[in-house]
Amino acid sequence: MTSPSPRTFPPIAEGGGQAVQEKLQQAQEELAKGGTSEVHLTADEFNAWFLGSPNNQELGKDVRFRIEADWLVAEASFPLTFMAQLPFVPGFHDRYFNGKLAVRLSVDHGELKVEAFDLEGNGARLPWLTTSQDFRQTVSQGINKALRDSQPEDRALLDAIQSIQIANNEIVVKFGKGEGKKGG
């Protein structure tokens with residue numbers, strides 16, 4: 001389940017983070033007028049915005065997002081230096097987890113919710129790690145915290161999310177006044 005070397009990722013596209021900020025600013029302006037708004041993001045734009053944030057830049061060397069069918073997929077490569085050496089077990093300390101984490105998202109009362117989660121490590125699917133409701137809830141909480149911490153100035157807009165959908169190779173986020181409603 002581990003690899004002797006990390007996976008490398010291409011550089012994050014330049015200017016994509018600013019393009020997303022402009023889209024979010026337009027959405028905020030529509031909401032301020034009492035309207036609704038819809039923002040479409042490609043995986044490259046999401047990478048540039050999320051991984052370009054000062055709070056998430058460290059992840060930039062270890063993660064890239066892509067869209068596959070109706071899943072948001074994070075390709076990841078993490079060093080396992082945090083793993084303790086176990087007696088009689090080959091060391092993990094100098095190895096890497098190279099895998100994919102995939103989520104299907106919805107919105108419930110203004111919070112992103114993980115509807116489905118899948119994990120693959122070095123080509124092997126690990127369903128036994130991801131099937132519990134508690135695990136999905138923990139992942140949901142982590143995603144919400146990461147989004148809120150990544151761009152604190154966008155907190156009001158994040159609170160206005162009514163639905164999120166991944167379709168046609170895009171992340172489509174619908175915003176509206178009031179608390180977000182349950183939707184896919």
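Me: What counts as buried?

Reply: Buried means under 20% relative accessible area, exposed over 50%, and partly exposed in between, with a 1.4 Å probe and protein chains only. In this predicted model, 41% of the 184 residues of the protein count as buried. Local features need pLDDT of at least 70 and side-chain atom pairs count only at pLDDT 80 or more, while totals for chains, interfaces and linings use all residues. Residues are numbered from 1 along each chain as its sequence is written, and side-chain values use heavy atoms, without hydrogens and water.

Me: How many helices and strands does the protein have?

Reply: Helices (H or I, at least four residues) and strands (E, at least two) are DSSP runs, numbered from the N terminus. The protein has four helices and eight strands, in the order α-β-α-β-β-β-β-β-α-α-β-β from the N terminus on.

Me: How is empty space found?

Reply: Rolling a probe the size of a water molecule over the atoms shows where empty space is left. On a 1 Å grid over the protein atoms alone, a cavity is a set of points where a 1.4 Å probe fits but cannot get out; lining residues have an atom within 4 Å of a point.

Me: Which residues line the largest cavity?

Reply: The lining consists of G110, E111, L112, N144, L147, R148, L158 and I161. β5 (111–121) and α3 (133–150) each supply at least two of the lining residues, and α3 has the largest share, three residues.

How values were computed. 1 Å grid on protein atoms, 1.4 Å probe; cavity = no way out; pocket = protein on both sides within 12 Å on 5 of 7 lines; lining within 4 Å.
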